[in-house]
Amino acid sequence: MRPMEQRTILVTGATDGLGRALAADLAARGATVLVHGRDDRRGHETLAEIRAAVPAARLHWYRADLASLDEVRELAQAVSADHKDLDTLVNNAGIGTTVPGGGVRQESADGHELRFAVNYLAGYLLTRLLLPVLRESAPSRIVNVSSLGQAPIDFGDVMLAAGYSGVRAYCQSKLAQVMFTVDLAEELAGTGVTANALHPATYMPTKMVATPVSDLREGVEATSRLVTDPELDEVSGRFFDGLRPSQALEQAYDAGARARLRELSENLSKGRPPAH
């Protein structure tokens, strides 16, 4: 890949927690960082904070609420229009098991279960829309920030209309991210675009976590490694637990299940009803 000072990297969910710290780390390494969030005030605060620590930081702010697929489309269009190169896409934005909503089932602007929509479907669509510029910029990388907290997808009730729990919704969305990662790696083999997913660290101090266990630096180190480490230039379709190669739930490696998820995602992202 190109030297860091020549790279452009989009980090979603970069106004809090891991995303914010990762954006600062990548800016300090010399990359141009596209900082995404859903609140302009927090976005400009984030840029000011990074610039205070890294005066020469090259930063660009993009606002989009990933609970709306229309805003995901607008984000992709804006990034593609503004930047002819995109070296890495980090799909980091996400919501936890109970925040927001307090454990009550919620729906996105498009009528999809909220955690599936924000944690998975938005990243799916954003990646699909940015693939042309990622391909043109190859060698390039896609990094999906997932979790060891995973649950199999019940294709009879993906939106959890029956038996909803915030934990199940979150864990299902995180497995979906890994399934998409494996799919992407197969699809993009030989193009110079790699796709990997990781569990950055356990219970980092972010707004989603009430009782932190890991230091935020652990998550930044693990995620930044997938973005920057030249030893991973040819590595694709893998799931990492921090710095270590790991395995996701078995369903992630089930080609039939991935095909069903792919079809569902295509239909939902294009506003079509799910196929039966």
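Author: Buried here is under 20% relative accessible area, exposed is over 50%, and partly exposed is anything in between, with a 1.4 Å probe and protein chains only. Before going on, note that this is a predicted model, where local features need pLDDT of at least 70 and side-chain atom pairs count only at pLDDT 80 or more, while totals for chains, interfaces and linings use all residues. Residues are numbered from 1 along each chain as its sequence is written, and side-chain values use heavy atoms, with hydrogens and water left out.

Back to our pair. Asp-183 and Arg-258 form a salt bridge, with 3.0 Å between the closest N and O atoms. Asp-183 sits in helix α5 (residues 166–187) and Arg-258 in helix α7 (residues 255–269), so this contact ties together parts that are 75 residues apart in sequence. A salt bridge means a side-chain nitrogen of Lys or Arg within 4 Å of a carboxyl oxygen of Asp or Glu. Helices (H or I, at least four residues) and strands (E, at least two) are DSSP runs, numbered from the N terminus.

Across the whole structure, the search turns up 20 salt bridges. Asp-229 bridges to Arg-225, the closest N and O atoms being 3.6 Å apart. Asp-229 is buried at 17% relative accessible area, whereas Arg-225 is partly exposed at 22%. Then there's Arg-244 with Asp-241, at 3.2 Å from N to O. Arg-244 counts as exposed at 52% relative accessibility, while Asp-241 is buried at 18%. There's also a network of salt bridges linking Arg-2, Lys-84, Asp-85 and Asp-87.

Now for the sheet. It is open, has 8 strands in the order β3-β2-β1-β4-β5-β6-β7-β8, and its pairing is mixed. At the edges are β3 (58–63) and β8 (244–246), each pairing on one side only. Two strands pair if DSSP finds at least two bridges between them. Neighbouring strands are turned by 25 degrees against each other on average, direction ignored. For that angle, axes are lines fitted to C-alpha atoms (for helices over the stretch in contact), and angles run from 0 to 180 degrees between N-to-C directions.

Inside the sheet, β6 (residues 193–199) and β7 (residues 239–241) run parallel and are joined by 3 bridges, with Leu-198 standing opposite Phe-240 in β7. Another parallel pair is β1 (residues 8–11) with β2, joined by 4 bridges; there Thr-8 faces Thr-32 in β2. Strand β2 (residues 32–37) has 6 of its 6 residues buried, so the rest of the structure largely encloses this strand. In a regular strand the side chains alternate between the two faces of the sheet. Both faces of β2 are covered: Thr-32, Leu-34 and His-36 are buried on one side, and Val-33, Val-35 and Gly-37 on the other.

Helix α4 (residues 114–136) is another part to look at. Its 23 residues should span 33 Å at 1.5 Å a residue, and the end C-alpha atoms are 32 Å apart, which agrees. The expected span is 1.5 Å times one less than the number of residues. Of those 23 residues, 18 are buried, so α4 is largely enclosed by the rest of the structure. α4 also bends by about 50 degrees at Leu-130, with a proline, Pro-132, following within four residues. The bend is the angle between axes fitted to the seven residues ending at a residue and the seven starting there.

The loops have some backbone details too. Val-99 and Pro-100 are joined by a cis peptide bond, omega about -5 degrees, and Pro-100 lies in the loop between β4 (88–91) and α4. A cis peptide bond also joins Ala-138 and Pro-139, with omega about 5 degrees; Pro-139 is in the loop between α4 and β5 (140–145). Finally, Leu-160 has a positive phi of about 55 degrees although it is not a glycine. Leu-160 belongs to the loop between β5 and α5 and counts as buried at 0% relative accessibility.
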